[in-house]
Number of protein chains: 2
Amino acid sequence: MPRFALLVFFCTLGLIVMAASIDEVPAIAGFSKNSARIQREWEQKFRAIPSTENMREYMKRLSARPHHVGSPYDKENADWILSRFKEWGLDAHIETFEVLFPAPQERGVELLEPTKFVAKLQEPRLPEDPTSGQYSEQLPTYNAYSIDGDVTAPLVYVNYGVPEDYEQLERLGVSAKGAIAIARYGKSWRGIKPKVAAEHGAVGCLIYSDPRDDGYFEGDVFPSGAWRPKDGVQRGSVMDMPTYPGDPLTPGVGATPGARRLDLKNVQTLTKIPVLPLSYGDAQPLLQALSGPVAPESWRGALPITYHLGPGPGKVHLKLKSNWDRKAIYDIIAKIPGSAYPNEWVIRGNHHDAWVNGAQDPISGLVALLEEARALGEISKAGWKPKRTIIYCAWDGEEPGLLGSTEWAEEHADELRQHGVAYINSDSNSRGYLSATGSHTLEKMINEVARDIQDPEKQISVWKRSQLLQIARAKEPEEREELRERADLRIGALGSGSDYTAFLDHLGIASLNLGYGGEAGGGIYHSIYDDFYWYSHFDDPDMLYGRALAQTAGTAVLRLADAELLPYDFAGLRDALRKYMSELEKLAHDQREEIRERNKEAEEGVFTATSDPKKTFVPPAPQDVPPYLNFAPLRNALDALERSVERFHKALATTQKDGGEVLARASLETVNQKLLLSERTLTRPEGLPGRPWFKHQVYAPGFYTGYGVKTIPAVREAIEQKQWKEADAAIVRVGKVLQDEAAVIDSAGAELERAIH
Amino acid sequence: MPRFALLVFFCTLGLIVMAASIDEVPAIAGFSKNSARIQREWEQKFRAIPSTENMREYMKRLSARPHHVGSPYDKENADWILSRFKEWGLDAHIETFEVLFPAPQERGVELLEPTKFVAKLQEPRLPEDPTSGQYSEQLPTYNAYSIDGDVTAPLVYVNYGVPEDYEQLERLGVSAKGAIAIARYGKSWRGIKPKVAAEHGAVGCLIYSDPRDDGYFEGDVFPSGAWRPKDGVQRGSVMDMPTYPGDPLTPGVGATPGARRLDLKNVQTLTKIPVLPLSYGDAQPLLQALSGPVAPESWRGALPITYHLGPGPGKVHLKLKSNWDRKAIYDIIAKIPGSAYPNEWVIRGNHHDAWVNGAQDPISGLVALLEEARALGEISKAGWKPKRTIIYCAWDGEEPGLLGSTEWAEEHADELRQHGVAYINSDSNSRGYLSATGSHTLEKMINEVARDIQDPEKQISVWKRSQLLQIARAKEPEEREELRERADLRIGALGSGSDYTAFLDHLGIASLNLGYGGEAGGGIYHSIYDDFYWYSHFDDPDMLYGRALAQTAGTAVLRLADAELLPYDFAGLRDALRKYMSELEKLAHDQREEIRERNKEAEEGVFTATSDPKKTFVPPAPQDVPPYLNFAPLRNALDALERSVERFHKALATTQKDGGEVLARASLETVNQKLLLSERTLTRPEGLPGRPWFKHQVYAPGFYTGYGVKTIPAVREAIEQKQWKEADAAIVRVGKVLQDEAAVIDSAGAELERAIH
């Protein structure tokens, strides 16, 4: 769209919004009618402020040089951000932690047999792209927190390297024992690949970007298109974050200079085998050196070769040696104190560190956060005062392992558990549709916000656009019916992969992750090509979705900060828990039926009859049919929750019928204090089985997915891993947690009832 | 398996089979108990005769040189086959027809813009492969029955080139009008691609083999593996066979020297635009010359490029000029006269012509047929006399357009309609599982045969192995239950693609197509590499499945020829018709719901909201919601059929309870004569709408699939093409046909009842 057309478009939009606001003021959860009217006025002022031109300038400046942990420009950026926050009137400071951050001193990948090939391990400068040649400041291509190693072994191709891939390898008579596993990026979080490879006896691991997943198969490659070129490499952390994220040396406590630190040899979250990432240019000769069975169809990528599994004859020498330095990281923390409830904190964050220049990851999200902070400063000057304290955070060290946010959350754990209302995160941002994931207590609030944000490309709200996309993608008529009939769009649950993790999973603070995307795509993730040139050519060149993100996240912050009653909605939570409950029962049922069927097929000779005598095939061993589990404790807890949610929402509805009189009579501080604890109640101090750092009992990243969420994880993972006793015990524990949750909601409801009668 | 082990294995099998036959003789449909015992003895003798060594020798000889229509070796092979039939004691002769068979004089494909590239259009000789260098006798790479042409136009990529691909192109704002369409082989029969391209205004068509479909994506390429090498080309006919197959000049009558012939300009079955096939070596530079939208994900092949749709900037010059010669074709026809019912004919065929050397296609099937004929000769010498006349046929001209079988069937149409009991076809054969498709009246018979054939790789029957494969592949528990509980495995219906077409679709003779496959795979189809070297290295090197095919097809012939009562089973037909009926109702329902939903989505703005403003997207136009159709005539006919099938099978069951006394009393000739007409009753003299040559009302190749079957085609294709009046009328017509069928079965049942009472 030409710039002029855009201008007209937005003026028209402004008129529409204004016209609507004169006619009637739609209700906002947590606000009485009167305060909703005032709130909407401030929000409109707020949303008019964020400037795409500013965001473009911030991005240019923040991504001008590589700014990873420990780099000079990382510190320069931190100081610059601090100055901005201060300039805009926020009470800002930098908090510094000292964390383990290894960087490689030696790296080598060489094919020794049957032919020779030395991997480049280097991304070339491109003449079009001005920042791509900043070699002296760039981190080399590597996977942080891989242990050192020097191994020579036959190569084996393991697809995405997740547990089911190894099951299939076993069926095909291929073992990774003693081999170097080469896995492709994708499907799971990258740290899962060396973890599972090591569990299967591999002595080293290579992770490469297949052109099927983010290279030429998807679209034209950089610089003529947005996708990964032949020598582009995805850096990234392979720390075992599903065990615990943050500084490996200081689990559970802030990595302050005086903190007690683990010895390196006692750290659980380093890999067990050496790992390096590869471009597809480097990977192709290695994969071509494999024979053995042809890879199953879904394992084959887009390289012009026949994908074989090996092991060998390709033999590879992999060498990696890192410094094991400690580096300072800089979190910038900026506050606007609450006028009514200073001890209730609304926290908003985005990281500022990158793997290299990181225009998309994370600067595209950070520039929105910065414009929000500026806009809050502006409306403060115009007289707005938030009821609650607002804290804006720019985290350092997200890339290596959520370091900045985790250390800050651990360091301030007690205060945060007492005061934390919500944490709103963002990270990379792009052109397209609003993605909102997080705590279901915030489902209604974020749906309301999304209805008030205009999509920059279409003359509809971002909520409407999301709804229509989901209708377009729905497979079953029932799904479409729900999308059309249900008041709110369901939000997905959070796994891991960005800075909300410590807030939600460790502290139990209701969290949301917000961002736009889905239209642009590309393959520069964690490479030197994620820079201003790429972003301004292929992603969100006009920063229109940067502004939409600032408007969305900022409006959410404003509502959380200003609501009389904290806008948690338990109907959303109840619906989500119902769904998870059904999923768990289905999982147990399907697993039982599958094992029964497989045993039957083994007995009737299916595996023998359908194996090709010219190929190796190892039939699956017969398995015990899983017992029925006792789901009653969870079902009963859900029933209790159902009743308390009904009581609370009935009372809540009454408070919203008048102009604010009932709320004025209520002891808001008491009710809010109860509500504040509702997400905390979903945690248990002892955490999840085998990973005590993860305390939330409804949401966690999967132990074998890394990013992907496992809801009601103690139960779900026990079933998946066929630990029946553990599953039964977890059902009892989670049932108790949900009973406690029911009690909290019930008592908040009772408190509201007192104001009504 | 080493040869010695095999020997032991088969001796053991022999003992098992013999042991079973002493204990008890399983019933055979159409045989009384006494005759079943005698029959089984002859069958065992028969099945012991086919020799893998002979088949290997036949294949070597028949595929030693290119033997396409009109080539010297085609005639030499015909004479050689004639001599063999005679040598084995069959009454054999050659029938000659004269058919249109164009071969190219000029071929050229050249990229003119934005770069220059001249396609090779030539498959190179390989030093390992002794017959690959017989250049002087090889047909060039071309698509037979393409019209001549000389066109220069921008290129457009159309995926598989089937109608739904053009719908998607329309959504993406891409038109093939005035362009040369490049389609990949696969999904539909190749002749559909230029037909649909021309319907959409394309001026030329290129068809290439993508490595995704039969090249390196699937496995190592020839000569190191079985799959298509870079320069391998699939030749093949593009005659519009769904309109009518056989000699284009003589539709409906035999192409004898004196036959009335159409003028070339009046022939309907030539393409409307020039067509040439390409290797992926030749296709890659052309595809790389396209820009425009990136192809949808499922359209992308395995070349190391980003697939774009175009049109252009790639501009192509396509030139093709053929001689339009008439050539003689040679069908070898060999008879064993029937001793009891010489006027009931069991026909068995396989073609002998190839595109080049054709070891797999068709020689692998033909050598089995030859060993069957030799074995029948042997047991004839030992005293066996078939009740019915058996006719063994080796067809010429199958590749260009089912020429030999069609012309013979048309020439002998009257006799065949009177005498034809069944036609058993085979074609290419390979290692793996029995595939049996055809008339459902033969479903029970072929199931019984399959239970008596031993799989050469596993110590189970080929029936059992197929059943277990289908269980392994079944997606739903209900499918598995049916596979486990139903007496017979369901057989698929026949579309087109081999020589059964004229017998089944034009004449209404119950037909079966038999072959083994599914284990070996490969990509030499219709190339110079389909030769003895390839077959003996990668397909069925020990000819074990060649022998299995001879045993299977031969046993079917023996049973059809010797049964007292023709072994048609109408329960199979009834079940198939029930299934088709449900499919048609579901098709109509789903189509209605889809259109309703799409209209609704258009109305609520789904298409506008979800289109990327940076990409062209043309939303689908609103469509009229299809009316409800009156399926009652079909449902009523099915009910009538149901009752008559019950009556017939009840009577039949009684005949099988005794030693043969009831059958002895029955007028078998009268019953058989009625049964003989049961498949003929499923035809209508006026044929299908728009294609009168296709007379069968239950089975036909799809007008837009070419190979793929459309069952109850008049109704199904009318619904698919949204011709509601035509659909309603077709339901009435097919209802009448099924009522007639019910009457025939009923009267056969009545005839049997007379013998019982």
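Mentor: Let us begin with the surface through which the copies meet. This is a predicted model, and in it 100% of the interface residues of chain B are also interface residues in chain A, so the copies meet through the same surface.

Trainee: What kind of axis relates the two copies?

Mentor: Chain B is superposed on chain A by a rotation of 180°. The shift along the axis is 0.0 Å, and the RMSD is 0.0 Å. The two copies are therefore related as by a two-fold rotation axis.

Trainee: Which helix gives the largest share of the side of chain B that touches chain A?

Mentor: The contact takes 31 residues from chain A and 30 residues from chain B. On the side of chain B, the elements that give two or more residues are helix H14 (462-473), helix H19 (570-604) and helix H20 (606-609). The largest share, six residues, comes from H14(B).

Trainee: Why does the radius of gyration of chain A agree with a compact globule?

Mentor: The C-alpha atoms of chain A fill a box of roughly 80 × 65 × 55 Å along the principal axes. For 757 residues, a compact globule would have a radius of gyration near 27 Å, and the value for chain A agrees because it is 26 Å.

Trainee: What percentage of the residues in chain A is buried?

Mentor: Chain A has 25 helices and 18 strands. Among its contacts between residues at least 6 apart in sequence, 81% join residues at least 24 apart. Of the 757 residues in chain A, the buried share is 54%.

Trainee: Which residues does Ala181(A) touch, leaving aside those up to four places away in sequence?

Mentor: In the largest nonpolar core, of 433 residues, Ala181(A) is among those that touch the most other members, as are Ile180(A) and Ile182(A). In soluble globular proteins, nonpolar side chains tend to be buried together. The residues that Ala181(A) touches are Val156(A), Val158(A), Gly161(A), Ala176(A), Ala197(A), Ala202(A) and Cys205(A).

Trainee: Over which residues of chain A is the pLDDT below 50?

Mentor: The model scores ipTM 0.94 and pTM 0.94. Chain A averages a pLDDT of 95, and 97% of the residues score at least 70. Where pLDDT is low, the predicted coordinates should not be read in detail. In chain A, the stretch with pLDDT below 50 is residues 1-23.

Notes. Residues numbered from 1 in each chain as written. Chains lettered and ligands numbered in written order. Contact = placed C-beta atoms within 7 Å. Helix = DSSP H or I, 4+ residues; strand = E, 2+ residues; numbered from the N terminus. Rg over C-alpha atoms; globule rule 2.2 N^0.38 Å. Buried ≥ 20, exposed ≤ 12 C-beta atoms within 10 Å, placed from the backbone. Least-squares fit on C-alpha atoms with pLDDT ≥ 70 in both. pLDDT = per-residue confidence, 0-100. Core = buried A, V, L, I, M, F, W, Y, C linked by C-beta atoms within 7 Å.
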